[in-house]
Amino acid sequence: MFDRVRRVRINWLVPGCVVVLLLTVIAGVLQYRWINFAADAHRRQGREAMEAALRNFSGDFRDTLLQLVPFFRPPPDERTDAAFEPYMIEIARRWHSTSDRPQLLASISIGTQSDNGVVFRRLQTGDNQFKTEDWPNEFVVYRRVLEERLRLPGGQPPLFPNGLAFEFFQSRPVLIFPLVTGAPPTPEAPRPGGAMTESPPSEQRLQPRDLLQSLKPAAPQGSDHLPELKGWCFLEIDSDYLRHYLIPELVARHYGTGARYQVAVVASHPLSMIYGSDPTLTIASFSQVDAGIVLLDANMQQDRQGPPRPADGAAANERRPPSRPGPKPFVSGPQGVPLAEIRGNRLGADDQAWLLVVKNRAGSIEGLVENARLHILMFSLIMLALLAGSSVMLMLATVRARRLARQQMEFVAGVSHELRTPLTVIQSTSYNLSQGTIQDPSRVQQYGDVIQREARRLINQVERMLSFAGIQSGRRVYDLQPTNVTEMAERSLAEYAVAFGEDGWQIERHFAEDLPLVITDGPAFESALKNLFENALKYAAQGKWLSVTARVAQGTKGREVQITVADRGPGIAPKDLPHIFEPFYRGQSGSTATTSGTGLGLCLVERDLRALGGSVKVQSAPGEGTAFTLHLPVS
Ligand code: ADP
């Protein structure tokens, strides 16, 4: 019944362990999916934050520049061409006294018709009058538009009367808008000093090079308030102000102190650095970037919408309304992207543009997220493996503990039996002697022998247990001496001569003549041999044949003496073979069950031999006998 209970308990362990392993695998799969899900969300979030920062930076930059246009655009119904210059001088004065960024504007130029034809006149910052200059090559197309239009009968509606164009003049950004008269006042054209609002261009923006092709025929009949193109106004932005003040301010607002990001503004054609957040940065260091956006190019006015927002650092990167158009931010994959990809296909290869580019100091978002994902995956896998490993080890330990407990119970039973048998014999024999029942001297001699044999058996048992306790506690000390193996084997055999002789055993000895001395502990070696003889007596009685062989051979660790004790008994079952050297292990076969023993003999042999630098090996097959070989190194 106990056995059944035990089996039931042990049987629980296996399915329990399988369930734990299964749960571990399921947990692993769920964790894997969750980590991937979290990584995707993190990646998306990082990408969106990066895009928002780029979009907001670019929006703030453009808003700051474009606030000039509504400020300087004259109301078309009030001005004649002669009055444009004093008007601009007055507005420039107001700009410098009221604007919070007076240095933004480098110069104002006006291209208009005069008595000397179409002239280009510039008002430098600080001057109080316009000076005539050569018409710049970059703006020649505007001059031609002016000439063509002015020649047309009845005046022509100007292109983008409420809009603007954007060009680079000697690599400096310039905002261009038409000077118009004769149109009804536009609600979006503000008075100087008023609210800075700017409506989107009222017509599709045309590239300057397309302007000539878009000249239209005469005005429709009956149009009283057709706006009339009188000239162009060119607002030149101060690049130094952008480089040294505006861009650093926006970088600080949107990217902080620079601990995480390297930020630069580069001009695309020719490729050059306008601004770098770190003085060590060069254009080469931005050959591959993590993110970027077009800050300025000829499409600028098309992208703009809505009034400039107040520069509020805390709210700087809040999500803007999705309706806000603008250049598309570009966030790269793990490898980064070349600058050319940031521009996309907005313009031709030769067109100038300023690009805002960003490099994450710790790597791209994709790279960082992937790295974190792999680390978390690896960590979780290790944790799960540890969990699974611990469960398996716990199960093995439990099985082992149960087996040990069982073996110890059997050991106690075995020891009791081993002790009780000789003690009973000694007690009854000595009782007979003491009572004087046995008078015959030869019988007395016989009884004395019996007592002596049983006492020796008793002593052997006790010594065996003491040896085991000594080995277990590490207190066993070996006395190594040069030992003659042949002598030792002969002596041990002699001690068992009576036992073997009584049962009619055939004993064979094969001792090589040239056996060297081995350095070993004589008593330990002797006790190992005796253990093997005793086991042969106990388990191989059916063969009644014992062979003891000693020879010198080359072992794995060098020369060694090998002593083999072989019998022709029933052999050891394969399932017992791996365990016979374990403490308290006893074979499961029927013959072992009927033989007394503690399961310590072979364990002691193995541990003693190991402590002496040697080893013990066994060869056995059911029905073919058993051969134990002791290997002792010849030092
Ligand atoms: P014990 O003899 O007290 O059981 P041992 O450690 O000496 O313990 O032996 C362990 C087991 O090995 C034995 O229970 C027996 O099953 C098996 N065994 C040992 N020697 C032999 C042998 N010569 N022939 C068959 N089986 C053996």
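**Ligand site and pockets**

1. The second largest pocket holds the ligand. A pocket here is an open set of points on a 1 Å grid over the protein atoms alone, where a 1.4 Å probe fits, with protein on both sides within 12 Å along at least five of seven lines; a molecule sits in one if more than half of its atoms lie within 2 Å of its grid points.

2. The model is predicted, so local features need pLDDT of at least 70 and side-chain atom pairs pLDDT 80 or more, whereas totals for chains, interfaces and linings use all residues. Residues are numbered from 1 along each chain as its sequence is written, and side-chain values use heavy atoms, without hydrogens or water.

3. The ligand is surrounded by 19 residues (a heavy atom within 4 Å), with Y539, R586, T598, G599 and L602 the closest. The largest share of this shell, three residues, belongs to α13.

4. Polar contacts (N or O pairs within 3.5 Å) include the side chain of Y539, 2.6 Å from a ligand oxygen, and that of D567, 2.9 Å from a ligand nitrogen. The backbone of G601 places an N or O atom 3.4 Å from a ligand oxygen. The protein buries 97% of the 530 Å² that the ligand exposes when taken alone (Shrake-Rupley method, 1.4 Å probe).

5. The second largest pocket has a volume of about 500 Å³ and a lining of 31 residues. α13 contributes the most to that lining, five residues.

6. Of its lining, α10 supplies the most, 11 residues.

Note on methods
A polar contact is a pair of N or O atoms within 3.5 Å; within protein, one must be able to donate a hydrogen and the other to accept it, and residues adjacent in sequence count only if both atoms are side-chain atoms. On a 1 Å grid over the protein atoms alone, a cavity is a set of points where a 1.4 Å probe fits but cannot get out, and a pocket is an open set with protein on both sides within 12 Å along at least five of seven lines; lining residues have an atom within 4 Å of a point. Helices (H or I, at least four residues) and strands (E, at least two) are DSSP runs, numbered from the N terminus. Grid points are joined across faces, edges and corners, and a volume is the space filled by probe spheres set on the points.
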